[in-house]
Amino acid sequence: MSKIEEALYSLHASTRQSQSDQSTPTSVSPAVHTTFSFVHTIENDSPAYKAGLRVHDEIISFGHISSAKHFQDIASLVKDKEGQSIPVKVLREGQVINLSLTPARWQGKGLLGCHILVNQ
């Protein structure tokens, strides 16, 4: 086991050294996330709330939908995926958050319990 540890240490030490030898600084630009809609309202105890969606979350993707051009397809997707998980990526206060939303019947209206509006 110690030979493996020594090899790993040696490998990482040489990687650190080669990175510090680089004379040109590299700059990393922050990723730009395009949103197409946002959560306008949400009901407590709804499937959307339980999944972690919050008012003012900006939606980057909702399942396979990632543009306002296909915004109307969200309703069909939700209906078709009742009881199945839909990946939802949102932007909240500058942070990208990946959620898993499962449309389901609940005591309120609809399968999600939230109102999503398209960006203007």
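Trainee: Which residue forms a salt bridge with Arg92?
Mentor: This is a predicted model, in which local features need pLDDT of at least 70 and side-chain atom pairs count only at pLDDT 80 or more, while totals for chains, interfaces and linings use all residues. Residues are numbered from 1 along each chain as its sequence is written, and side-chain values use heavy atoms, with hydrogens and water left out. A salt bridge is a side-chain nitrogen of Lys or Arg within 4 Å of a carboxyl oxygen of Asp or Glu. With closest N and O atoms 2.7 Å apart, the partner of Arg92 is Asp57.

Trainee: How many residues apart are Arg92 and Asp57?
Mentor: Helices (H or I, at least four residues) and strands (E, at least two) are DSSP runs, numbered from the N terminus. Arg92 is in strand 3 (residues 86-92), whereas Asp57 lies in the loop between helix 2 (47-51) and strand 2 (58-62). The pair links distant parts of the chain, and the separation is 35 residues.

Trainee: Is Asp57 buried or exposed?
Mentor: Buried means under 20% relative accessible area, exposed over 50%, and partly exposed in between (1.4 Å probe, protein chains only). Arg92, at 24%, is partly exposed. Asp57 has 1% relative accessibility, so Asp57 counts as buried.

Trainee: Which residue forms a salt bridge with Glu82?
Mentor: The structure holds two salt bridges. The closest N and O atoms are 3.3 Å apart, and the partner is Arg105.

Trainee: Which strands do the buried residues of helix 3 pack against?
Mentor: The buried residues of helix 3 are Ile74, Leu77 and Val78. They cover an arc of only 100 degrees around the axis (taken from the directions from the helix axis to the C-beta atoms), which puts them on the same side of helix 3. On the other side, Ala75, Lys79 and Asp80 are exposed. With contact meaning heavy atoms within 4.5 Å, the buried residues pack against strand 2 and strand 3.

Trainee: Which strands stand at the edges of the sheet?
Mentor: Five strands form an open sheet in the order 4-3-2-1-5, with antiparallel pairing; two strands pair if DSSP finds at least two bridges between them. Each edge strand has a single partner strand, so one side of each is left without a neighbour in the sheet, and the edges are strand 4 and strand 5.

Trainee: What is the bridge partner of Phe62 in strand 3?
Mentor: Strand 2 and strand 3 run antiparallel and are joined by four bridges. The partner of Phe62 in strand 3 is Val88.
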